[in-house]
Amino acid sequence: MDQLFNRKYIVQGLFIVVALILLGKLFYIQIISDKAFSSAESNVLRKIYKYPARGAILDRNMKVIVQNEPVYDLMVTPNEVKPFDTLAMANALEITIDDVRKKLKKAKAQSSYQATFFERQISVQSYARLQEIMYRFPGFRTQDRTIRHYPDSIAGQLFGYVKEVSPDDIEKSEGYYKPGDFIGKSGLERSYEDFLRGEKGVINTLYDAKNIAQGSYANGKYDINAVSGDRLISSLDIRIQRLGEELMKNKVGAIVAIEPSTGEILAFVSSPGYDPNQLVGKDWGKNYMSLIANPYRPQIVRPIAGQYSPGSSFKPVDALVALQDGAIDPNTTFFCPGYYMAGNHKVKCEHIDGTINMQRGIARSCNTYFCHVFQNIITKNGMKNQRQTYTHWHEQIAKWGFGQKLGIDMPFEKKGIFYQADHYDKIYGKRWGYTTVISQAIGQGEITSTPLQMANVMAAIANRGYYLKPHLIKGIGDKNVVKKEYVVKNYVGVDEKYFPIVINGMRDAVNSPWGTAKESQIPNIVMCGKTGTVQNPHGKNHSVFIGFAPMDNPKIAIAVIVENGGFGGSYAAPISSFMVEKYLTDSIKPRSNGYTVKAFSETNLLPALIDKTKKVKPTKLDSLKLKKADSLKRVKDSLKIKPAILKQTVATKPKVNQPIINRKPVTNK
Amino acid sequence: MIQQQGSRFFFNVDWITVLIYIALCTIGFINVYASIPHHEGATTFDFASSYGKQLIYAITGLILGLSILLFDGRLFNVFAPFIYGATLFLLVVVLFVGRNVGGNQAWIPIGSFRLQPSEFAKFGTALLLARYVSTFNPKFRDIKSIVIAGLIVLAPLLLIMLQPDTGSALVFLAFMFPLYREGLSGYFLLIFLGMIVLFVADFLVPTYILILILTTIGGLFIYNNRRKQKIIISTVLVTIIAIAYLFVVKIAYEKVLAPHQRSRIELMLGLKADNKGAGYNVIQSQIAIGSGQATGRGFLQGTQTKYGYVPAQSTDFIFSTIGEEWGFVGCSVVIGLYIFLLLRLINLAERQRSTFSRVYGYSVACIFFFHVFINIGMTIGIIPVIGIPLPFISYGGSSLWSFTILLFIFLKLDSNRMGFI
């Protein structure tokens, strides 16, 4: 053995070192890191989702108002496609050969090995034709799914629409939604998405390297069955909803009706409305664009997004808060010379009633009376403490829901304007008092509210001191689960004893010869209400009525606003009376004054479109500008109260009470 | 004497090595079986399928090996030049009549079989090298013996490069180790190692930094040996050559290597990520092996294997099947078997009385070592993709037979170790 024998150890040592290097790397990728394991899973595993049926929605009488309809999509997996008879395909789908080629190209561009849409929602006829010749088109398959159907074709804004998820939705959902899923985008479809959507099913399938399915994973152990969405029971009464939409035809405005004892919303009309079936399926884009292009903006959900000054309909709240505050007592009278002097400004009244008490003041909507009431409240602690008393008053009014969202189960609710003292500090410094904000006494100027808030105020008065959170869905799923927050009474901070006198005034407004809404008396039913005429700087005043019925044990509270309808008594009050009568008696008796549903339905109050270009397409910028101008004007108006109040008082003129049939809408004076 | 030898014949064969051989072939067959997709439906054993053929190759290989044991060991010494000449001839022939498979002109079709001469060139070269060393007993201190040994190795290497089958050619570098054992200076190994290190470093580190490092090391070395003029001169020379090498590599890399080879090297060095193209094999192979985790997914349960995610699964990437279905435990067993085999072969080589047997034994062990290291290293991404088979395990008749012949010639020589060759 020579000394070269030792070189054996170097060679053997090298073998061992290299083996250890190999084992080290293997130890790392096999035991320490688990990246490879998940990569292997994602290589072979494909999740195929099964879409559950969306939950149906019933109205309060268990009539189906939202349901599903089966549709068929034609899917294609481009790399499985073999040359096929394009003419036969085109004929079956009733499209041109060119379209077939284009669609195939589009599908290829999306993915060559995943199934993508070739044609969405093919007709039943096409589906039937295709089924027979499907074997001739390898790579193609039909996929059935369901889309929404709204049998009554009404309440478009209320139901909202369902649409394919956007990348944004997918990101926000933290992994729940996948491209191609559908999601409720607005209305009830949006707010109850979590219940309506159900649970997606999953089938785990193994695929080989050539993307050919190789059977189920772990014998389907991890597969999930699709679970249908929850059935919802809506509080809506589709009968009066339909009546409401009919009455509001050719008008801009809103109706909200609430069952006072429960807070359940009975009618939720936004006018102009649209057929929700328009926003279903493949014509979505086209129809949506035409909705957007409508100058009367049907896409606005006016019951919760329309913000109007409550006008005189604010007066009952004003009265109740003043009574609770001790600023006046039920017997307080004021002298009405036909106007009220707020500093140098004259707030006009439409009548000269002389000494007037609260009950009559409400019935006749006396501006002078309520300006005095407001003056008493704010100056109760002396002229120096007006800011503090205003703040206190603001708190009390806010309890009724003004200036805040009521939390209805609909998206995009607005809260309306109701300024706190700080706001006036900013504008006037310390030098402001009741005369500065006097317009609020009569619900004008710097206070706005949504129709929902107004109806809710009525529900609170009907309940003599509390309201339940207004809501549209009263039962979720098979067990009819009710949200806890919907059974909580929200007190408005006015004692029950102060209500009778105000309610009597509201009764007189409808049921007495001197009432502002006497033309809206309902046979055999005592409806209490209050008219309002909202000054509108852009045109004719808005007609407002809020009320409830019957007077004792009220079943329905209602708010109606008809834009450009003029006086509260002329359109809003009669429309309310039809709604109330229909709900309480399921019929409408002939009226002695000859008012009919048909006549109101046929009346066209749509404002004339000034600008021709706007008629076609008002841009967002325009509408923003408009809004801005509007709000600027409003502030300005309240500074110079006179013109606003002047117009306001016109609303309460007794001479309004003429039959409006065959009469052109009253023009503004 | 000869009679006596015959009666002790079976005791003289190293049966432990034969058992390891059989174990590795069995592992090979099992995993080739597992890596053929869509076999689940097959109820009968199918000899036309890959695994059926592999069984035939294994059985005929064993018969071939055992029959080699019946030869007179001296024949290999005597016929070494002829065998070498024949394999060289085949390597030339294949360039003209060969069938092109996967870009390499490496196969000679014979009937329904295909012969891969480069596989047989290995033992031809090993035999001639052993013959040369045993006959002339050079200590490789002179240039002449180094050149002759070098030519013996380089002739088949260059012919294989022409196919071009770089992977198979690389294996011939394994002959450096037997030469080292017989006296070739260790500097050759160090220089070779240094060339690889510099080659890799040249891609990862800017050239000027490498030059800085090299001159610093050289400078320190000179400072330490400042009284020895010879060392100073040789250090300066080595440093200059090393720096020149850096530039040559860069140029040669662009001009000599094919694009697919360049991209394989860049992928391995992490200079480039490519999940679909050239990197697909390596990534899928690593996913397969990694997903096996500690104990593997179980026989026939590997999804990467079953559903064909790793290309060349039954041949060059067979180790990914082992890794996926048998996990770290299975990998360790296989590597353990190889190391046991390699160490045993070296030990067997060292107990030879004849230089011929020892050199041949070293050659066999080092060829196996190169195959195992390069193949497994490639499947787990520490070596660029070089398409050479895993001995006894990869699917394929030519490789299995040539490895069997390599091994059993040595076993025959070993069983004759007491005699004179």
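A nonpolar core is taken here as a set of buried Ala, Val, Leu, Ile, Met, Phe, Trp, Tyr and Cys residues joined through C-beta atoms within 7 Å. A residue is buried if 20 or more other C-beta atoms lie within 10 Å of its own, exposed if 12 or fewer, and partly exposed in between, with C-beta atoms placed from the backbone. The model is predicted; local features need pLDDT of at least 70 and side-chain atom pairs count only at pLDDT 80 or more, while totals for chains, interfaces and linings use all residues. Residues are numbered from 1 along each chain as its sequence is written, and chains are lettered from A and ligands numbered from 1 in the order in which they are written.

The largest nonpolar core comprises 120 residues, and those with the most contacts inside it include A:V256, A:A455 and A:M579. Helix α18 (residues 451-462) of chain A contributes the most to this core, nine residues; helices (H or I, at least four residues) and strands (E, at least two) are DSSP runs, numbered from the N terminus. At least three core residues come from each of domain 1 (47-232) and domain 2 (238-273 + 301-656) of chain A, with domain bounds from an automatic or database domain assignment. Leaving aside residues up to four places away in sequence, A:M579 touches A:I240, A:L243, A:G244, A:I255, A:A257, A:A267 and A:I558, where contact requires C-beta atoms, placed from the backbone, within 7 Å. Another core, of 114 residues, lies apart from it and includes B:W326 and B:F408.

The contact between the chains takes 31 residues from chain A and 36 residues from chain B. On the side of chain A that touches chain B, two or more residues come from each of α1 (7-32), α2 (35-44) and β8 (201-207). The largest share, 16 residues, is from α1(A). That side divides into 20 nonpolar, six polar and five charged residues, counting Ala, Val, Leu, Ile, Met, Phe, Trp, Tyr, Cys and Pro as nonpolar, Asp, Glu, Lys and Arg as charged, and the others, Gly among them, as polar.

Two cis peptide bonds are described next. One joins A:S271 and A:P272, with omega about 0°, and A:P272 lies in the loop between β12 (264-271) and α11 (284-293) of chain A. The bond from A:A549 to A:P550 is also cis, with omega near -15°; A:P550 is in the loop between β21 (542-549) and β22 (556-562) of chain A.

Key:
Contact = placed C-beta atoms within 7 Å.
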